[in-house]
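Here is a short briefing to read alongside the model. Please keep the 3D view open as you go through the points.

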Amino acid sequence: MTTTSLVSTPFLSAHDVATIVQRKGLDACLRGMADAIQADFLRWEAFDKCARVASHSTDGVIELMPIADDLSYAFKYVNGHPKNNALHGLPTVMAFGVLASVATGVPELLSELTLTTAIRTAATSVVAARALARPNSRSMALIGNGAQSEFQALAFHHLMGIEEVRLFDTDPLATAKLADNLRTTGLRVVICTSTAQAVRGADIVTTVTADKTNATILTPEMIEPGMHINGVGGDCPGKTELHPDVLRAASVFVEYEPQTRIEGDLQQLPADFAVTELWQVLSGTAVGRSSAAQITVFDSVGFAMEDYSALRFMRDTALELGLGQRLALIPDLADPKDLYSLVRPTASRFVAPVSLPDTQAA
């Protein structure tokens, strides 16, 4: 009997990714991931793109997010279940992902993406804000103070120079948690009693709420000239944060328009409402902010290319730091056509094969 060995696939667990962030530093990871995301936006046309595939239920959504270029295929499995915290003691969002070779189909990385998604979402927010917000922005309102909020606050602090964050959440305990986690970061933290109080005078407003409802977190009277709005929480059908008139008053920018029209705050507006894809601004083929008084909105729903960038960054950083494990996912067969060899009985009576006579012979 032929013996077999197994191909090993690099694997990054939640602990591995947390160790990467601790050793490299969150600010360096945010910066490195933002650089990777921007670099991939600049080669937007190299990707085979599609909107994510979603399975909705009354409690939440489970999604698959695929993308590929000529070398690598990537996907992310991710859920969104707003009741998880209260009912099950679980995170609202949980994710994992894969990088694979386009040439062979061999998986080249399996990684957790729950923590990684929080970092990549914050990094994407900054990539957009650097192109769309006023360059002298120093204050940000952060509406929704859950699991994503620290990463948003610190990304804008480290990568854009935000000095003050103004916090509001309908759950005071979430705000207290966020304020405590930020107390040694150098950010000035202001706890507010309403969304209106938090956004008053802010240069940037980030909404990152979790409820799967058509909510109205920001209304037109709250919006001031020159604001940049980073709408993160409206990311599936039936889940919004911005009043439609906030979008109508602004220049709206998106990741992948076909997906955002289904999932983003944009779902509230007609199909002919004009938007600009972010890659066009980053590449210089479209205008972003055109004046200090202009209101800009980044209707962020999360796109698979950002996860591709995040997986690449985590893979390369794990190699640099010598972290990660290896898993036997794929059999390495002595004879690739003999998959049965994996389960062939170790002791069996040998029966010689019988050759049939050649009935076509003369």
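Let's begin inside the fold: leaving out residues up to four places away in sequence, Thr116 touches Val17, Met33, Ala310 and Met314, where contact means heavy atoms within 4.5 Å. This is a predicted model, in which local features need pLDDT of at least 70 and side-chain atom pairs count only at pLDDT 80 or more, while totals for chains, interfaces and linings use all residues. Residues are numbered from 1 along each chain as its sequence is written, and side-chain values use heavy atoms, with hydrogens and water left out.

- Thr116 sits in helix α4; helices here are DSSP runs of H or I with at least four residues, strands are runs of E with at least two, and both are numbered from the N terminus.
- Thr116 counts as buried because its relative accessibility is 0%; buried means under 20% relative accessible area, exposed over 50%, and partly exposed in between, with a 1.4 Å probe and protein chains only.
- Ser125 also belongs to helix α4, which spans residues 114-132, and Ser125 is buried with a relative accessible area of 0%.
- Setting aside neighbours within four places in sequence, Ser125 is in contact with Gln152, Phe156, Asn230 and Val232.
- How far apart in space are Ser125 and Ser300, C-alpha to C-alpha? The distance is 7.7 Å, although 175 residues separate Ser125 and Ser300 in sequence.

**Helix α1**

- Val17, one of the residues touched by Thr116, lies in helix α1 (residues 14-24), where Asp16, Val17, Thr19, Ile20 and Val21 are buried.
- Just after α1, Gly25 takes a positive phi of about 100°.

**Nonpolar cores**

- The largest nonpolar core has 66 residues; such a core is a set of buried Ala, Val, Leu, Ile, Met, Phe, Trp, Tyr and Cys residues joined through side-chain atoms within 4.5 Å.
- The residues with the most contacts inside this core are Met33, Phe41, Ile67, Phe156, Val165, Met305 and Met314.
- A second, separate core has 26 residues, including Ala141, Ile143, Ala198 and Leu266.
- Beyond residues up to four places away in sequence, Phe41 touches Glu255, Leu278, Trp279, Leu282, Met305 and Glu306.

**The parallel sheet**

- Eight strands form an open sheet with parallel pairing, in the order β9-β8-β7-β10-β12-β16-β14-β15; two strands pair if DSSP finds at least two bridges between them.
- Why is one side of β9 and of β15 left without a neighbour in the sheet? β9 (188-191) and β15 (276-277) stand at the edges, so each has a single partner strand.
- Strand β10 (residues 204-207) pairs with β12 in the parallel sense over four bridges, and Thr206 has Asn230 in β12 as its bridge partner.
- β12 also pairs with β16, again parallel and over four bridges, with Asn230 opposite Phe298 in β16.
- Strand β14 (residues 251-254) joins strand β16 (residues 296-299) in the parallel sense over three bridges, and the bridge partner of Phe253 in β16 is Phe298.
- In a regular strand the side chains alternate between the two faces of the sheet.
- Strand β12 (residues 228-231) is covered on both faces: His228 and Asn230 on one side are buried, as are Ile229 and Gly231 on the other.

**An antiparallel hairpin**

- Strand β2 (residues 53-56) and strand β3 (residues 61-68) run antiparallel and are joined by four bridges.
- β2 and β3 form a hairpin with four residues between them, and His56 has Val61 in β3 as its bridge partner.

**An exposed spot**

- Ala86 is in helix α3 (residues 84-88) and counts as exposed, because its relative accessibility is 72%.
- Ala86 and Gln280 are 194 residues apart in sequence and 41 Å apart in space, C-alpha to C-alpha.

**The whole chain**

- The chain has eleven helices and 17 strands, and 50% of its 362 residues are buried.
- Taken along the principal axes, the C-alpha atoms fill a box of roughly 95 × 45 × 40 Å.
- Of the contacts between residues at least 6 apart in sequence, 72% join residues at least 24 apart.
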